[in-house]
Amino acid sequence: MCEDKELKKVGLELMFLTPEKYEKPEGITAVELAKLVELPLETVKKKLNILKESDIVFAKGINPKYWTFNEYNFQRMDEDDDLFLLLCSFDDVDFDRYFQY
């Protein structure tokens, strides 16, 4: 897997999105997430499906779907997995985006 910046952006946003930041306790919708990461909705939906196939995000509900990060499954991923490596390469990540100091 080459460096997929959009997938990384969506994955990291969900990874660092704490329940306190959700508008609803169920999680965040794809529309809300698309606004946060400033990507087209269709792109965000495709990236969410890639993450869902790897079992590190899951959706609740049907219309709308609420997405949340699955920390338990993420920590149990193979360390050589391309997606795991992508989400753990922090060289170009601005953590100020996710944390208030």
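In the predicted model, 40% of the 101 residues of the protein chain count as buried. The accessible surface of the protein chain amounts to about 6,500 Å², of which carbon and sulfur atoms supply 51%. Among contacts with a separation of 6 or more, 58% are between residues 24 or more positions apart. The side chains include 14 positive and 22 negative ones, and the centres of these two sets lie 7 Å apart.

The protein chain contains five helices and two strands, arranged from the N terminus in the order α-α-α-β-β-α-α. Its radius of gyration is 13 Å, close to the 13 Å given by the globule rule for 101 residues, so the protein chain is as compact as a globular protein of that length. Along the principal axes, the C-alpha atoms fill a box of roughly 35 × 30 × 25 Å.

Strand 1 (residues 57–60) and strand 2 run antiparallel and are joined by four bridges. One of the residues involved is alanine 59, whose bridge partner in strand 2 is tryptophan 67. Five residues lie between the strands of this hairpin, in which glycine 61 adopts a positive phi near 85°. Within strand 2 (residues 66–69), Tyr66 and Thr68 point one way, whereas Trp67 and Phe69 point the other way; all four are buried.

Lysine 24 is located in the loop between helix 1 (5–16) and helix 2 (30–37). This residue is partly exposed, with a relative accessible area of 40%. The C-alpha atom of lysine 24 is separated by 18 Å from that of valine 37, which is 13 residues away along the chain.

Key:
Residues numbered from 1 in each chain as written. Predicted model: local features only at pLDDT ≥ 70, side-chain atom pairs only at ≥ 80, totals over all residues. Heavy atoms only, no water. Buried < 20%, exposed > 50% of the residue type's maximum accessible area, 1.4 Å probe, protein only. Pairing = 2+ DSSP bridges. Rg over C-alpha atoms; globule rule 2.2 N^0.38 Å. Contact = heavy atoms within 4.5 Å. Areas by Shrake-Rupley, 256 points an atom, 1.4 Å probe, with all protein chains shown as cover. Lys, Arg positive; Asp, Glu negative; His and termini not counted. Charge placed at Lys NZ, Arg CZ, Asp CG, Glu CD.
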